[in-house]
Amino acid sequence: MWGVLFILPGFLGFLFFVLIPVIMSLGISFTEWNFLKGWDAIRLNGIANYRKLFQDEWFFVSLKNNLLFTAVTIPSLLVLGLIIANIINRHCYGGNVIRVMIFIPYIASVVAVCTVWQVMLQPSYGPVNQFLMSIGIKNPPKWLVDGKWALWVVMLIYIWTQLGYYVAVFMSGLKNVPEDLYEAAQIDGAASVKQFWYITVPMVRPTTFFLAIMGIIGSFKVFDLISVLTQGGPGNATSVMAYYIYKTAFQDFKMGYACAQAWILFLIIFLVTLVQWKYQNKYTNE
């Protein structure tokens with residue numbers, strides 16, 4: 001009884017704020033509903049919302065942008081995080097100080113970070129374009145207001161903000177790599193690059209797998225950077241799944257259609273989870 005009482009507050013919070021809303025969203029996805037008009041405005045429309053998804057150009061652009069976002073940011077974060085963590089762990093004095101400095105963008109306010117980047121990348125008087133013009137580039141990119149560059153800039157900022165977390169987790173994983181392996185490799189004449197490739201990379205494979213899975217899931221839920229930096233623009237150049245769901249629900253007030261999109265996003269993340277379950281024993285056993 002005492003155990004039940006201790007978990008009851010957390011269970012009630014999960015029940016009322018997670019489980020019940022999720023089940024309700026599934027039902028709402030089969031309706032047409034402007035939630036500003038109240039519950040009486042709900043109208044069943046069957047699978048019309050799901051059929052509409054296959055004709056919605058904005059939805060497919062958001063999905064494509066999200067897939068590109070994931071394909072670029074996650075490998076970049078894994079590679080850069082492991083390389084930087086290895087350099088700090090083996091070749092730097094004061095590694096803890098450097099780790100804290102790299103970790104600061106991850107814990108900083110998203111609004112503050114985005115505001116600083118918006119000022120730096122301002123097309124006319126931003127310091128980045130001012131520098132580019134000073135070295136002879138007459139027409140530098142417009143960055144966040146240019147459809148060709150906006151998504152790439154958002155991905156760069158995302159990598160910059162998340163890198164500290166990846167470095168910290170990789171450094172924790174590197175602490176478990178026996179130093180004897182590196183000493184034996186040095187005696188055998190292995191260079192630093194070979195030590196990294198044949199010792200470090202295999203030994204941190206469980207950490208890499210964990211970060212890859214969580215990173216993929218997180219990349220499909222990215223919202224804050226898009227909302228503050230570009231609001232999905234210019235046009236739909238930086239629209240991603242989470243932001244398009246928000247826009248559909250709380251700007252266009254199409255709650256049923258937004259719930260249908262949310263369930264498609266859920267299915268994508270669920271498939272990633274299934275892949276994790278299937279391959280976790282293979283990639284996490286040292």
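In which helix does Thr207 lie? In this predicted model, where local features need pLDDT of at least 70, side-chain atom pairs count only at pLDDT 80 or more, and totals for chains, interfaces and linings use all residues, Thr207 is found in helix 10, which spans residues 205-219. Residues are numbered from 1 along each chain as its sequence is written, and side-chain values use heavy atoms, with hydrogens and water left out. Helices here are DSSP runs of H or I with at least four residues, numbered from the N terminus.

Thr207 has a relative accessible area of 16% and is therefore buried, a term applied under 20% relative accessible area, with exposed meaning over 50% and partly exposed the range in between, for a 1.4 Å probe and protein chains only. When its neighbours within four places in sequence are left aside, Thr207 is in contact (heavy atoms within 4.5 Å) with Val169, Phe170 and Gly173. Ser172 is partly exposed, because its relative accessible area is 44%.

Helix 7 also meets helix 3 (residues 57-91), the two axes coming within 7 Å and crossing at roughly 40 degrees; such axes are lines fitted to C-alpha atoms, for helices over the stretch in contact, and the angles run from 0 to 180 degrees between N-to-C directions. The two helices are therefore oblique to each other, since angles under 35 degrees count as roughly parallel, over 145 as roughly antiparallel, 65 to 115 as roughly perpendicular and the rest as oblique. By class, the contact between helix 3 and helix 7 has 23 nonpolar, seven polar and no charged residues, where Ala, Val, Leu, Ile, Met, Phe, Trp, Tyr, Cys and Pro count as nonpolar, Asp, Glu, Lys and Arg as charged, and the others, Gly among them, as polar.

Trp117 belongs to helix 5 (residues 110-120) and, at 15% relative accessibility, counts as buried. Residues up to four places away in sequence not being counted, Trp117 touches Ile157 and Trp160.

A search of the whole structure finds zero disulfides, a disulfide being a pair of cysteine sulfur atoms within 2.5 Å.
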